[in-house]
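Please read them beside the coordinates.

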There are 2 protein chains.
Amino acid sequence: MNHRNPTILDVAKKADVAVGTVSRFLNGRNIRKSNRDRIEAAISELGFRANVVARAMKTERTKSIGLLVPVFDEFNSAILSVLVDELQANGYSLLTFHHGHQAKAMIEALEAAASRRIDALLLSATEGIQTEVERQVAGDLPITLFNNDLPEVAADRVLVNDRAGTAQAVRRMIEFGHERIGFVSGDLFESTARNRLEGYLDTMRDLGLPVEEELIWKQDWSRSNGHVATRAFCEMANPPTAIFYSSYILATGGLEYMRGASLVPGKDMHIVSFDDPDYFSLLTPGITAVAQPVKAVAQSLAELTISRLENDIDAPRTVTLDCDFKLRGSLGLKKD
Amino acid sequence: MNHRNPTILDVAKKADVAVGTVSRFLNGRNIRKSNRDRIEAAISELGFRANVVARAMKTERTKSIGLLVPVFDEFNSAILSVLVDELQANGYSLLTFHHGHQAKAMIEALEAAASRRIDALLLSATEGIQTEVERQVAGDLPITLFNNDLPEVAADRVLVNDRAGTAQAVRRMIEFGHERIGFVSGDLFESTARNRLEGYLDTMRDLGLPVEEELIWKQDWSRSNGHVATRAFCEMANPPTAIFYSSYILATGGLEYMRGASLVPGKDMHIVSFDDPDYFSLLTPGITAVAQPVKAVAQSLAELTISRLENDIDAPRTVTLDCDFKLRGSLGLKKD
DNA sequence: TTTAAAAGTTGAAACGTTTCATTTTGGGAG
DNA sequence: CTCCCAAAATGAAACGTTTCAACTTTTAAA
């Protein structure tokens with residue numbers, strides 16, 4: 001048994017045609033019927049499978065796309081799932097990288113991804129690596145940004161209407177009678193966090209409510225931050241009656257604190273969260289949330305990226321998607 | 001500006017050495033000091049980065065590893081995260097695939113992964129594709145199985161002691177006074193499900209309790225199955241006082257039903273689940289669970305696989321890891 | 001039947017590395 | 001100062017595709 005994989009040359013010999021003809025066949029171009037039959041026979045007889053590496057070397061396209069996210073949490077994993085399907089259907093594979101919100105790791109991962117000669121990169125990162133990203137784009141790596149925007153980068157974008165989503169939620173909170181609304185922000189170094197905060201500020205101002213600095217908690221995206229922010233709010237002399245969390249991780253930290261302090265959401269404290277992980281609907285009461293269109297985000301990512309790779313796209317494009325407000329038990333009428 | 005990427009040849013010219021020498025340098029072999037200096041200078045001046053594709057073609061190693069799982073749920077995503085880090089640290093990248101428990105998709109994904117010329121595959125699959133897997137192994141693709149075993153396949157394995165984990169949990173349930181214990185199994189086509197069921201059966205028998213067929217619900221791994229199983233158990237004339245779920249997905253379905261029926265875990269029905277997703281500890285009461293050592297699984301996967309690739313390993317090896325029992329409010333003394 | 005155009009085939013060159021048989025270098029022993 | 005030897009350098013061949021200019025066959029029109 002010969003352990004060398006059969007090559008296009010073996011096929012050509014067996015089918016008695018030139019290698020170029022086999023290549024044409026493999027790439028779906030027109031072939032004389034008689035040749036096609038013999039080539040097909042030879043291929044199946046030899047168990048031939050085109051070597052994607054050799055092909056990639058010649059075409060300078062690896063047919064693989066990188067995904068670089070902060071962490072593989074519920075949100076990004078859902079995106080990953082949909083993405084794998086969409087890409088697979090178009091002949092692309094997905095290479096995964098993560099950076100844990102750390103600039104150094106971000107740059108390393110970016111470097112690792114690029115040196116893999118991926119055809120494109122789907123990127124969720126912070127502005128800290130703006131210049132590095134610009135360098136990659138200049139170096140001809142097409143990038144599609146999502147979740148978080150990097151201003152001025154010549155890239156496609158799939159964004160979510162953070163501002164409107166938050167604004168709608170805050171408006172509903174106000175309609176429920178809440179006036180002192182705590183806001184737990186994520187890292188303001190990320191556009192996502194800034195937009196959500198703005199949605200809150202706009203709505204408060206639009207509806208004529210005072211914005212109090214002590215009710216705006218500005219730190220990072222961590223669960224522990226959600227925890228301490230919630231404690232701080234709850235222990236205030238004049239605490240807010242409701243809290244908005246900029247992400248489900250922060251809200252999760254808040255829930256952790258409330259559970260420990262025997263505070264019941266929707267009763268002792270009303271809460272609303274950006275993002276809607278599966279388990280929000282399993283809690284009692286359910287957590288009111290601003291749900292991102294995860295599936296649509298992933299599909300747009302695939303679509304934008306593939307269309308850029310396969311057609312000759314010039315200008316960067318941006319897709320903006322709307323969120324869905326899910327009212328559950330954790331938000332109710334303010335009691336007084 | 002010349003848009004062609006610099007090659008090893010450009011470096012060689014600029015440093016005034018032969019390409020072979022540059023290659024030696026790139027691969028960390030000994031180089032005369034004077035040459036080394038000039039090569040380093042040339043590389044940084046040109047911004048040269050070795051083309052991994054060309055290298056892969058010559059060495060027949062892509063330095064990439066595939067991960068094929070049913071779905072990217074909380075469990076597999078956690079594995080993915082750790083894996084990416086471990087592999088990256090050793091110069092490997094991770095290609096992701098999923099199959100949604102469906103035989104056809106499994107085979108397709110396996111095929112897609114293999115044709116990518118990955119160096120190895122980390123696989124969580126069912127016995128339905130045993131023969132396909134064997135074919136890949138025969139075709140020289142090293143496979144490391146995890147989560148679910150495929151008997152007789154010549155592969156490395158990272159398994160969890162499902163049987164002992166379940167047995168311990170059931171023993172604790174019995175210690176709490178439960179005698180009629182419902183068991184919601186996953187797809188018995190998977191060793192994981194079979195082992196967990198055996199852990200239950202063994203323990204019941206060992207402790208002299210009768211095993212009643214009507215208390216063993218055998219279906220698939222779906223959330224809806226957990227839902228209907230729980231309803232069926234709860235609506236029995238003589239219902240069990242506690243239920244064990246073979247996975248957190250099943251338990252989640254159960255919780256969904258209980259929530260709808262206003263049944264409180266740990267009060268109206270005692271429950272224990274295999275797997276311990278983050279949110280179990282956030283529910284009130286917390287869900288008692290058998291926690292898999294997710295991180296250790298991922299680390300073992302990386303270690304076993306990389307050591308097989310880099311050394312000359314002969315026989316298949318198996319790593320078996322133990323679970324951790326997490327007692328929370330959803331399991332308590334049987335009231336009578 | 002002839003002819004021109006279209007469609008298909010051919011095979012060598014190229015992609016950017018690593019490998020390896022051969023040659024060169026430099027330094028220590030005599 | 002020679003000679004020898006290990007260490008390092010050399011450069012052509014090879015990996016398995018795609019591409020493309022040149023050539024051949026088929027098709028359809030006249």
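Predicted model: local features only at pLDDT ≥ 70, side-chain atom pairs only at ≥ 80, totals over all residues.

1. Residues are numbered from 1 along each chain as its sequence is written, and chains are lettered from A and ligands numbered from 1 in the order in which they are written.

2. Around DNA strand D there are 29 residues, of which I8(A), S23(A), G20(B), N30(B) and R32(B) come nearest; a residue is near a strand if its C-beta atom, placed from the backbone, lies within 6 Å of it. Two or more residues each are given by helix 1 (8-15), helix 2 (19-26) and helix 4 (52-59) of chain A and by helix 2 (19-26) and helix 4 (52-59) of chain B, where helices are DSSP runs (H or I, at least four residues) and strands are DSSP runs of E (at least two), numbered from the N terminus. Helix 4 of chain A gives the most, with five residues.

3. DNA strand C is likewise surrounded by 29 residues, the closest being G20(A), N30(A), R32(A), I8(B) and S23(B). Here the largest share, five residues, comes from helix 4 of chain B. By class, the surface near DNA strand C has twelve nonpolar, eleven polar and six charged residues, with Ala, Val, Leu, Ile, Met, Phe, Trp, Tyr, Cys and Pro taken as nonpolar, Asp, Glu, Lys and Arg as charged, and the others, Gly among them, as polar.

4. The contact between the protein chains takes 34 residues from chain A and 34 residues from chain B, two residues being in contact if their C-beta atoms, placed from the backbone, lie within 7 Å. On the side of chain B that touches chain A, the elements that give two or more residues are helix 4, helix 5 (74-89), strand 2 (93-98), helix 6 (103-115) and helix 11 (248-260) of chain B. That side divides into 17 nonpolar, eleven polar and six charged residues.

5. Strand 2 (residues 93-98) of chain A and strand 2 of chain B run antiparallel and are joined by three bridges, strands being paired if DSSP finds at least two bridges between them. L94(A) stands opposite T96(B).

6. Within chain A, helix 10 (residues 223-234) and helix 11 (residues 248-260) pack at an angle of about 50 degrees, with their axes 6 Å apart. Helix 10 of chain A is therefore oblique to helix 11 of chain A.

Terms used: Axes fitted to C-alpha atoms, helices over the stretch in contact; angles between N-to-C directions. Parallel < 35°, antiparallel > 145°, perpendicular 65-115°, else oblique.
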